[in-house]
Amino acid sequence: MSRAQARAAKLEGVTVAISQKAGVDGKLFGSVTNHDIVDALKAQGFEVERAQVRMPTGALKQVGEFPLQIALHTDVVVKITVQVAGEA
């Protein structure tokens, strides 16, 4: 648990940027899944498993900023921000 709290201190408030192909209306052609978020976090040096990423509304299908939670332990949950940018 103390290891999870130490990881939480580093991860709390982190912003992850992910680019996806999007239409002019800001709607993504695909979607951003927990797998994409895990890969983006790994690129920033954070080890997180897919099951730890809490996506209450499911995959992200729109350009914008989305607050998400990462459950590192039963009692240790941190908030991160996922910024989805559209590519032409």
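**Close-up views of the chain**

View 1. His73 has Val76, in E6, as its bridge partner. Strands here (E, at least two residues) and helices (H or I, at least four residues) are DSSP runs, numbered from the N terminus. Two strands pair if DSSP finds at least two bridges between them. The model is predicted: local features need pLDDT of at least 70, side-chain atom pairs count only at pLDDT 80 or more, and totals for chains, interfaces and linings use all residues. Residues are numbered from 1 along each chain as its sequence is written, and side-chain values use heavy atoms, with hydrogens and water left out. A hairpin of two residues links E5 to E6. E5 covers residues 64–73 and runs antiparallel to E6, with nine bridges between them.

**View 2. E6 and its parallel partner, E1.** E1 spans residues 15–21, and E6 spans residues 76–87. The two strands run parallel and share seven bridges. Thr15 faces Thr81 of E6.

**View 3. Gln69, placed between two partners.** On one strand, Arg54 stands opposite Gln69 of E5. On another, Gln69 stands opposite Lys79 of E6. E3 pairs with E5 through two bridges, in the antiparallel sense.

**View 4. Gln52, a loop residue.** Gln52 sits in the loop between H2 and E3. Is Gln52 buried or exposed? Its relative accessible area is 14%, so Gln52 counts as buried (buried is under 20% relative accessible area, exposed over 50%, partly exposed in between; 1.4 Å probe, protein chains only). Setting aside residues up to four places away in sequence, Gln52 touches Arg7, Gln69, Ile70, Ala71 and Leu72 (contact means heavy atoms within 4.5 Å).

**View 5. Gln44, in the loop between H2 and E3.** H2 covers 34–43 and E3 covers 53–54; Gln44 is found in the loop between them. Its relative accessible area is 40%, so Gln44 is partly exposed. Which residues does Gln44 contact, neighbours within four places in sequence left aside? They are Val14, Thr15 and Val16. Gln62 lies 18 residues from Gln44 along the chain, and their C-alpha atoms are 23 Å apart.

**View 6. The whole chain, for orientation.** The chain has two helices and six strands. Their order along the sequence is α-β-β-α-β-β-β-β. The C-alpha atoms fill a box of roughly 45 × 25 × 15 Å along the principal axes. The radius of gyration is 13 Å; a compact globule of 88 residues would have one near 12 Å, so the two agree. That radius is taken over C-alpha atoms, and the globule rule is 2.2 Å times the number of residues to the power 0.38. Of the 88 residues, 34% are buried. Contacts between residues at least 6 apart in sequence include 54% that join residues at least 24 apart.

**View 7. Surface and charge.** The chain carries 10 positive and 9 negative charges, whose mean positions are 4 Å apart. Lys and Arg count as positive, Asp and Glu as negative; His and the chain ends are not counted. Each charge is placed at NZ of Lys, CZ of Arg, CG of Asp or CD of Glu.
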